[in-house]
Amino acid sequence: MLNLIQTEFLKLRRRKFVWFMLSTSLIMPFLALLYFNYFGKKDIEPMQFYKMSAYGFTLFIILPIVLGMLCTMLMREENQYDMLKQLWIVPVSKMGYLLSKFFVVFVYSICFMLITAVASVIFSVIPGYVALEWGSILNLLEKCIIIGVLSAFVMLPILAIAASQKGYILPACVTLVYAFSGFILMSINAYLHPISSMALIVICNNDIPGVVLKQEMNIPFAFLCIGIWDIVALLLSNIALKRRK
Amino acid sequence: MSNFLIETKQLTKIYGDQTTVNAVSIHVGKGRIYGLLGRNGAGKTTIMKMILGLTPITSGEVKVFGQNMKGGEKRIYPRIGAIIETPGFYPNLTGTENLEIFAKLRGTAAPNAVKNSLEVVGLPYKDKKLFSKYSLGMKQRLGIANAILHDPELLILDEPTNGLDPIGIAEMRKFIKKLSVEYGKTILISSHILSEIALLADDIGIIDQGILLEESSMEELRQKNGRYIQVQVSDLPKATLILERQFGVKEYSVQDDHTLRLYNTTLDMAAINKALVMQDVAVISSAFCNDTLEDYFKKITGGEGIA
């Protein structure tokens with residue numbers, strides 16, 4: 001398994017798109033900087049800044065789309081170049097293959113959120129919008145790591161769809177629908193969608209200002225939602241990879 | 001355990017209502033090069049995929065190294081190297097990097113495995129050229145390098161000369177032969193090019209429309225289909241006695257009650273005819289025949305298609 005994971009990272013050599021996608025982690029911290037600069041606000045609450053730079057669109061839209069693209073990219077290559085046959089006769093187990101891809105997504109997701117966290121701190125503290133407080137920085141880091149870890153699990157259904165497809169159009173389209181539907185369902189029933197469930201887990205301490213929930217907070221339900229989606233995704237991807245022979 | 005490294009029994013593959021492979025039984029002996037010859041779409045790749053367990057078998061049985069492939073994959077795969085259809089690799093990596101990935105996945109212990117396998121196929125080690133920039137010939141070579149990376153006993157090569165230029169084909173043939181002769185590998189190779197199989201294989205299986213039409217050694221086939229003199233006589237036992245004693249003929253075969261084939265074409269036919277007639281053996285006909293393998297294949301497959 002360790003060899004499989006190592007080779008997954010080796011395969012990413014010279015993939016500029018991977019670095020480009022990672023750079024999108026700077027979008028929201030930068031937009032937050034522009035926003036607070038435009039309104040000329042100083043000494044704002046750190047959580048107010050981080051809500052915009054790390055927890056808002058990054059959680060609901062940017063990170064899911066980036067991870068969806070990454071899942072598609074990871075799965076597409078071997079399908080496109082007809083390499084699966086060669087891998088199966090190594091032999092590589094289908095579950096091992098899928099889990100090694102998942103591990104790449106997992107690490108990437110955490111890196112993405114750590115960059116977002118660092119950029120949020122830099123863009124807020126250096127221009128002087130937010131005072132340097134270690135407590136809020138640690139809180140930001142904690143939440144970013146939670147988002148990074150959970151996002152990888154939340155995107156497992158997209159990895160399953162990418163595993164079942166030779167092309168990239170369907171997984172890319174499904175990623176967009178998946179990300180936006182998570183955002184929309186947040187205000188209807190958050191426990192139906194893994195992304196909205198993840199958002200509930202992130203805000204469970206009620207420490208993010210301006211978030212009003214229409215439903216009662218139930219963290220086990222949120223984990224259950226993610227778990228069910230992931231189990232179904234794993235089963236489907238296993239079937240899809242078996243058919244891929 | 002039998003001497004066959006690959007043995008299939010009544011191997012059948014049905015897609016929908018189409019039978020792609022129909023009750024094929026092939027036998028690949030240890031240390032031999034077995035050529036699977038057939039037109040495009042004859043079922044060669046499907047047979048190879050079934051042998052490798054890459055496609056489910058409708059009915060029949062595959063034994064590799066005397067073991068059932070189904071369920072024994074983990075034990076059998078490390079002993080096999082294969083190229084099925086066009087070998088695919090990561091285009092963003094160099095040949096060496098690609099092989100390093102496969103070496104890592106296989107847990108190849110030999111420290112110089114990548115370097116050695118690249119050397120065997122004549123590709124440079126640690127070259128900076130990306131796989132996406134490789135020519136078709138280089139891609140095929142890299143495919144073979146990957147197949148021999150872990151020093152397998154058995155190689156399954158599906159049309160390894162596909163798309164190569166004539167020089168590339170000759171080079172590929174040379175090192176497939178080398179793998180068999182110098183490294184003692186058993187090789188199952190498929191092709192639709194008769195001349196290629198004729199030059200490479202020790203044994204041959206001719207497949208057409210999913211049916212194995214013939215399986216024999218190349219030597220037997222050549223004997224059946226080379227240049228020979230066909231003689232029809234009234235008394236076959238007496239004729240063979242005369243040929244053996246008077247003319248020292250040893251290379252001949254009996255076709256039926258009255259027909260003989262003499263494989264030494266330098267014999268003086270006039271003298272033979274005279275001797276037979278003089279000893280009361282009527283010569284019904286005698287003729288030089290020159291059946292090529294191509295003629296034979298056309299005859300048994302019922303037409304064109306094998307180059």
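This briefing covers the contact between two chains, the domains of chain B and selected backbone features. The model is predicted. The contact involves 21 residues of chain A and 24 residues of chain B. Chain B has two assigned domains, domain 1 (4-221) and domain 2 (227-290).

- On the side of chain B that touches chain A, the elements giving two or more residues are α2 (73-76), β7 (80-83) and α3 (95-106) of chain B.
- With 6 residues, α3(B) provides the largest share of that side.
- By residue class, the side of chain B that touches chain A consists of 13 nonpolar, 5 polar and 6 charged residues.

**Domains of chain B**
- The centres of domain 1 and domain 2 of chain B, taken over C-alpha atoms, are separated by 44 Å.

**Cis peptide bond in chain A**
- A cis peptide bond, with omega near 5°, runs from A:V90 to A:P91.
- A:P91 is placed in the loop between α6 (84-88) and α7 (94-125) of chain A.

**Positive phi angles in chain B**
- B:Q209 is not a glycine, yet has a positive phi of about 50°; B:Q209 is located in the loop between β10 (203-208) and β11 (211-217) of chain B.
- Because 16 other C-beta atoms lie within 10 Å, B:Q209 is partly exposed.
- B:D280, also not a glycine, has a positive phi of about 65°, and B:D280 belongs to the loop between α10 (269-278) and β15 (283-290) of chain B.
- B:D280 has 9 C-beta neighbours inside 10 Å and therefore counts as exposed, the cut-off for this class being 12 or fewer.

Definitions and conventions: Residues numbered from 1 in each chain as written. Chains lettered and ligands numbered in written order. Predicted model: local features only at pLDDT ≥ 70, side-chain atom pairs only at ≥ 80, totals over all residues. Contact = placed C-beta atoms within 7 Å. Helix = DSSP H or I, 4+ residues; strand = E, 2+ residues; numbered from the N terminus. Nonpolar A, V, L, I, M, F, W, Y, C, P; charged D, E, K, R; others polar. Domains from an automatic or database assignment. Buried ≥ 20, exposed ≤ 12 C-beta atoms within 10 Å, placed from the backbone.
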